[in-house]
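The following report describes selected features of a two-chain structure. Please consult the sequence and the coordinates alongside the text.

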Amino acid sequence: MTEVAESLKVESEEGAVRLILSGRLDADAVSGIWDEALGAANGKVTVDASAVEYCDGAGSALLCELRRRAGGEITGLRPEIAKVFELFEGDEEKDENAAKPVDSPMESLGRAGAEFFQDLREQVEFLGEMAVVFLSFRGGAQRLRWNDVWVTFERAGVQALLVVGLISFLTGLIMAFQAAPPLKQFGVDIFVVNLVGLAMLRELGPIMTAIVLAGRSGSAFAAEIGTMKVNEEINALNTMGLDPVRFLVAPRVLAGIMVTPVLIIYADLLGVAGGFLVMLIRGFPPTALWQQLTSAIGVHDVMAGLIKGFAFGALVAGIGCLRGLQTKEGASSVGVSTTSSVVSSIFLIVVVDAIFAVVYYVIDF
Amino acid sequence: MADDVIIKVSDLSAGYGEEVLLEHVSFEVKRGEIFVILGGSGCGKSTLLKHLIGLLPPMAGQVLIDGGDLASASGEERQKILRRIGVGYQSGALFGSMTLAENITLPIEEFTTLPPEAREAIAWTKLKLVSLENYTGHLPAEISGGMQKRAAIARAMALDPQVLFLDEPSAGLDPITSAELDALILHLRDALGVTFVLVSHELASIYAVADRVIMLDKKAKGIIAEGRPQELRDQSKDPFVHKFFHREAA
């Protein structure tokens, strides 16, 4: 006979194993004997539980496992413990498949592909719905909720001024710091102004602004609408005959379209100011810098950035709202939608920017 | 505190900020009893429940769970008292990102040293108690509202509590599911000796399971009736109690 622990003794005789359980079978005791008890129950086993004084959930689970795995016969249970143990009758048929099966790699690949195309389809449908909503605005039930537009404009625009300004200013400043020394070697460090001006106006201003917008406002739209979906508020809108796209999405997208170009102009100014600051520190007079800037950039450069701004604004707000509407059930899916809105927005911002770059090149804009 | 008393509420005053909802409330719950807190909307039922489970500190008075005072206890002592109780919330409050089995193994993992296999086996037995043993791998969103309530009870039972508090367990359930839940409560009390404290409005459920009820009233800021539900229905002279049990308009 082997005494594994105070509450477990194992007897082996001619291949037959007998486990003797005793004392209190609570979580603490079971922690110490679980592996040994089930390890000993490889073949036919009998369990003598006549000395068991108390059995909690952990003890019941141990007895169930002994009975299920080894077909163990459990004898000697006190009536009050036996009464509890009877609740788990039928556990021999424990359904090992109750946990949902895990997909094979091929199934996962197929599922991911199907989800990608489904998402693409939903984005196209959403775009169509948006177009229909914007084209069908009129009075009464079809009116645009301008109040919501202005509130969103303030949240996404005015409240983003600090972060957009700081990022743009520092971007211009860093760019000038990095570019000035190598250009000075050729005596053309005044062209830092051209570099900062063109880069900010045509590329970095719009892109940085759109990325900040995606992180601040797109994610907020996804979380807000996603929570409404989880709380069945979207269903409530539908049953009241209010189209969620018109009611929730249109004001946000319109605010996004309006606010992004404004933020881009602001980002451009701050970015150029950052570059100017470096050049002033390096001893260039302000008038020389201004002349250099105005000779290097034109209205079409400002417009090139602003046109992108309209597209980025619609894209970030639209993706945020779409991800919110795609939210499934539960708090975790709101998190998934929020993350997805930021990732999708940043990815699409870069893709759309690349398309703009090609188009501008082809039309020589 | 007498041995057969598991909850003792003495002279409890409760509320939020300056607003007092309950004043000088006292009652006892016996071991193995199914005790129901009744009352109209806004009378302080949920507030009382929050005090019983230690979510709110009393303005005055004391709540003892098996001799332990949650309001004054801290650290290890508080954990000890909390292990004696389980709570099933009205919405179920299951963790949406976890499977039913994971919802149950979470507290076991935190408070015991049991190996993972043992934790899973316990989760299975708890789900078996509420007839959900074939849904161990499902997420809460993938099962019905009634099943979620049963799963919430299974989770509340994870650490073998002595008292189970259930907030509106039958709310939003169809009569058949509600009756099944009543049967489950009786079954758990009879088989495991668990004490139940329920907050409920459902008269059919109250008649089916309650050993004793207390009725709270907003104006009285306290208990206006106490006893077996059938007795209160048939014998109470209090107009509000009469209207409540006979479903009459105010």
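## Surroundings of A:I20

A:I20 counts as partly exposed because it has 19 C-beta neighbours inside 10 Å; a residue is buried with 20 or more other C-beta atoms within 10 Å of its own, exposed with 12 or fewer, and partly exposed in between, the C-beta atoms being placed from the backbone. The model is a predicted one, in which local features need pLDDT of at least 70 and side-chain atom pairs count only at pLDDT 80 or more, while totals for chains, interfaces and linings use all residues. Residues are numbered from 1 along each chain as its sequence is written, and chains are lettered from A and ligands numbered from 1 in the order in which they are written.

A:I20 lies in strand β3 (residues 16-25) of chain A; helices (H or I, at least four residues) and strands (E, at least two) are DSSP runs, numbered from the N terminus. Apart from its neighbours within four places in sequence, A:I20 is in contact with A:K9, A:E11 and A:D48, contact meaning that the C-beta atoms, placed from the backbone, lie within 7 Å. The C-alpha atoms of A:I20 and A:A37 are 9.7 Å apart, with the two residues 17 apart in sequence.

## Contact between the chains

Chain A contributes 26 residues to the contact and chain B contributes 24 residues. On the side of chain A that touches chain B, α1 (27-40), α2 (57-70), α3 (79-85) and α12 (331-362) of chain A each supply at least two residues. The largest share of that side, six residues, comes from α2(A).

## Helix α7 of chain A

Helix α7 (residues 192-230) of chain A bends by about 60° at A:M200, the bend being the angle between axes fitted to the seven residues ending there and the seven starting there. Just after α7(A), A:E232 has a positive phi of about 65°.

Chain B holds nine helices and ten strands, and 45% of its 250 residues count as buried.

In chain B, four strands form an open antiparallel sheet in the order β2-β1-β4-β5; two strands pair if DSSP finds at least two bridges between them. β2 (19-30) and β5 (68-69) of chain B stand at the edges, each with a single partner strand, so one side of each has no neighbour in the sheet. Strand β1 (residues 5-16) of chain B pairs with β2(B) in the antiparallel sense over eight bridges. B:V5 has B:K30 in β2(B) as its bridge partner.

Definitions and conventions
Two residues are in contact if their C-beta atoms, placed from the backbone, lie within 7 Å.
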